[in-house]
Amino acid sequence: MEKKIVKDILFLSQVSQPASQEDLPLAKDLQDTLLANRESCVGLAANMIGVQKRVIIFNIGMIPMVMFNPVLQSFEGSYETEEGCLSLTGVRPTTRYEKITVSYRDIHWQEQTITLTGFPAQICQHELDHLEGIII
């Protein structure tokens, strides 16, 4: 189900709690909300739809990737960029990494590890920041 985007900075600045298998339905809400906002959005964190759990979704090309309890394992190649966010007005400068490796649980609650580069890596880092209460 499509959810309303949270814009409350106090709520968004809180660190999200670990997700459990009971949170698997969040994947569908995140997918529906991402699809509904596809004109201006390429990724979401669960706190952006009002749920303080460690779950993110972002597009890898045209495919949405859902990660439960993602953990940044490694990163390399820092660069400066600007990003916007559905929860905020305007764009802000930030530092990102060209290549990252993330471990997570997938929608079947299986442990996975993926290495991302380029724009998918940037989107993933933005959503990982949301889980830590970091607002660009």
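I take a polar contact to be a pair of N or O atoms within 3.5 Å, where, within protein, one must be able to donate a hydrogen and the other to accept it. I keep in mind throughout that this is a predicted model.

Entry on Gln52. I looked up the side chain of Gln52 and found that it makes a polar contact with the side chain of Ser16, at 3.4 Å. Gln52 sits in the loop between strand 1 (43-45) and strand 2 (55-60). I noted Gln52 as buried because its relative accessibility is 16%, and the cut-off for buried is under 20%. Leaving aside residues up to four places away in sequence, I listed Phe11, Gln14, Val15, Ser16, Gln17 and Asn47 as the residues that Gln52 touches.

Entry on the largest pocket. I read a volume of about 230 Å³ for the largest pocket, and its lining comprises 15 residues, with Val42, Glu83, Gly84, Cys85 and His126 lying nearest the centre. Strand 3 (63-84) and helix 3 (118-131) are the elements that give two or more residues to this lining, and helix 3 supplies the largest share, 5 residues. Sorting the lining of the largest pocket by class, I have 7 nonpolar, 5 polar and 3 charged residues.

Entry on the second largest pocket. Here I read a volume of about 190 Å³, and I wrote down the lining as Gln31, Leu34, Leu35, Arg38, Cys41, Val42, Asn59, Gly61, Met62 and Pro64. Helix 2 (residues 26-36) gives the largest share of this lining, 3 residues, and by class the lining of the second largest pocket holds 6 nonpolar, 3 polar and 1 charged residues.

Notes:
Residues are numbered from 1 along each chain as its sequence is written. This is a predicted model: local features need pLDDT of at least 70, side-chain atom pairs count only at pLDDT 80 or more; totals for chains, interfaces and linings use all residues. Side-chain values use heavy atoms; hydrogens and water are left out. On a 1 Å grid over the protein atoms alone, a cavity is a set of points where a 1.4 Å probe fits but cannot get out, and a pocket is an open set with protein on both sides within 12 Å along at least five of seven lines; lining residues have an atom within 4 Å of a point. Grid points are joined across faces, edges and corners, and a volume is the space filled by probe spheres set on the points. Helices (H or I, at least four residues) and strands (E, at least two) are DSSP runs, numbered from the N terminus. Ala, Val, Leu, Ile, Met, Phe, Trp, Tyr, Cys and Pro count as nonpolar, Asp, Glu, Lys and Arg as charged, and the others, Gly among them, as polar. Buried means under 20% relative accessible area, exposed over 50%, partly exposed in between (1.4 Å probe, protein chains only). Contact means heavy atoms within 4.5 Å.
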